[in-house]
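Please open the structure in your viewer and keep the selection tool at hand.

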Amino acid sequence: MKRIGITGPTGAGKTTALQALAELDAHIIDADAVYHALLESSATLRAELTARFGPSILDGEGRVNRKALGGVVFGDPAALAELNAITHRFILAEIDRQAAGAEEQGRSAVAIDAIALIESGLGETCGAIVGILAPRELRIRRIMAREGISEDYARKRVEAQQGDGFFRTHCDYLLENRADDTPEAFQARAKQLFEQILSNRN
C-alpha cells in the first residue's frame with residue numbers, strides 16, 4: 001500500500017490537500033496528534049521519558065506535562081535530540097499499526113501529515129513526499145485568522161520554520177497554493193496530483 005508523506009510550513013494548505021486525499025479513500029495520520037495521544041496513553045513512553053528527563057515532567061496525576069517537558073528540552077539541542085529519538089520509535093510503531101489496519105480495510109493509501117516529516121526521519125518510510133507551499137504573506141494572514149494571533153507572532157512562527165528551499169530540495173512533489181487560488185481550485189489540483197501518485201505503484 002502506498003505511503004504518502006505530507007509536509008510543508010504552517011498555513012500553506014495541508015488540511016485542504018489532505019481532504020483531497022481523504023476523498024481518494026486514503027487513511028490520514030496526523031503525526032502530531034499521534035504523539036499527543038501516546039503521551040496520554042502509553043505507560044511505556046511515559047516511563048522512558050521520566051527515566052531520561054526526571055519526574056518534574058509529570059503533573060500531579062502522573063501524566064506528562066507537555067509544557068514542563070518543553071521547558072526541559074527547548075534551548076538544549078542535545079536534550080531535544082534525545083526526546084525526538086525516544087518519541088520517534090513510539091510514533092513510528094503507532095503509524096505502522098494504523099497503516100496495517102488501513103491495508104486490511106483495503107484503503108487506497110496512508111497519508112502521514114507531519115510538519116517535521118523530513119527532519120524526523122518519517123519521510124524515509126514514505127514512498128512519496130509531497131510538499132505543500134504558499135506565499136509567505138498569504139500564510140501569515142491565514143495563521144492570524146485561524147489562530148487569532150497578532151501579525152508579529154504569526155511572522156515569528158513563520159520565520160522559525162523551514163524555508164521553501166528546504167521543501168523544494170527534499171520533496172518528491174510540490175503543490176503550490178497560489179495567492180489567487182480558491183480552496184476549490186487548490187483542492188482539485190491536489191486531487192489530480194494524488195491520483196497520479198496513487199496510479200504509480202512502483
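The bounds of a domain, as the word is used here, come from an automatic or database domain assignment. Please note that the model is predicted.

**Stop 1: the two domains**

Select residues 1-24 together with 108-201, and colour them as domain 1. How far apart do the C-alpha centres of domain 1 and domain 2 lie? The distance between these centres is 24 Å. Where the two domains touch, 11 residues of domain 1 are in contact with nine residues of domain 2.

**Stop 2: helices H2 and H5**

Two packed helices are described by the angle between their axes and the distance between the axes. Select helix H2, residues 31-41, and helix H5, residues 77-104. Their axes are 10 Å apart, and the packing angle is about 105°. H2 and H5 are therefore roughly perpendicular to each other, since angles of 65 to 115 degrees are counted in this way. Now display the side chains where the helices meet. H2 contributes Val34, Tyr35 and Leu38, while H5 contributes Leu83, Thr87, Phe90, Ile91, Glu94 and Gln98. The residues of this contact comprise six nonpolar, two polar and one charged.

**Stop 3: helices H2 and H3**

On the H2 side, select Leu38, Leu39, Glu40 and Ser41; on the H3 side, select Ala43, Leu45, Arg46 and Leu49. Five nonpolar, one polar and two charged residues make up the contact of H2 with H3.

**Stop 4: the largest pocket**

Rolling a probe the size of a water molecule over the atoms shows where empty space is left. The largest pocket has a volume of about 1300 Å³. Which residues are the closest to its centre? Select Asp32, Tyr35, Ala114, Ile115 and Ala116, the closest of the 40 residues that line this pocket. Several helices give two or more residues to the lining, including H1 (14-23), H7 (136-147) and H10 (183-199). The largest share, seven residues, comes from H5. By class, the lining of the largest pocket has 17 nonpolar, 13 polar and 10 charged residues. Return to the domain colours: domain 1 and domain 2 both give residues to the lining, so the largest pocket lies between them.

**Stop 5: the second largest pocket**

Finally, select Gly8, Pro9, Thr10, Ile115, Ala116, Glu119, Arg157, Ala160, Gln161, Gln162 and Phe167, which line the second largest pocket. This pocket has a volume of about 290 Å³. Its lining is divided into five nonpolar, four polar and two charged residues.

Key. Residues numbered from 1 in each chain as written. Predicted model: local features only at pLDDT ≥ 70, side-chain atom pairs only at ≥ 80, totals over all residues. Heavy atoms only, no water. Axes fitted to C-alpha atoms, helices over the stretch in contact; angles between N-to-C directions. Helix = DSSP H or I, 4+ residues; strand = E, 2+ residues; numbered from the N terminus. Parallel < 35°, antiparallel > 145°, perpendicular 65-115°, else oblique. Contact = heavy atoms within 4.5 Å. Nonpolar A, V, L, I, M, F, W, Y, C, P; charged D, E, K, R; others polar. 1 Å grid on protein atoms, 1.4 Å probe; cavity = no way out; pocket = protein on both sides within 12 Å on 5 of 7 lines; lining within 4 Å. Points joined across faces, edges and corners; volume = space filled by probe spheres on them.
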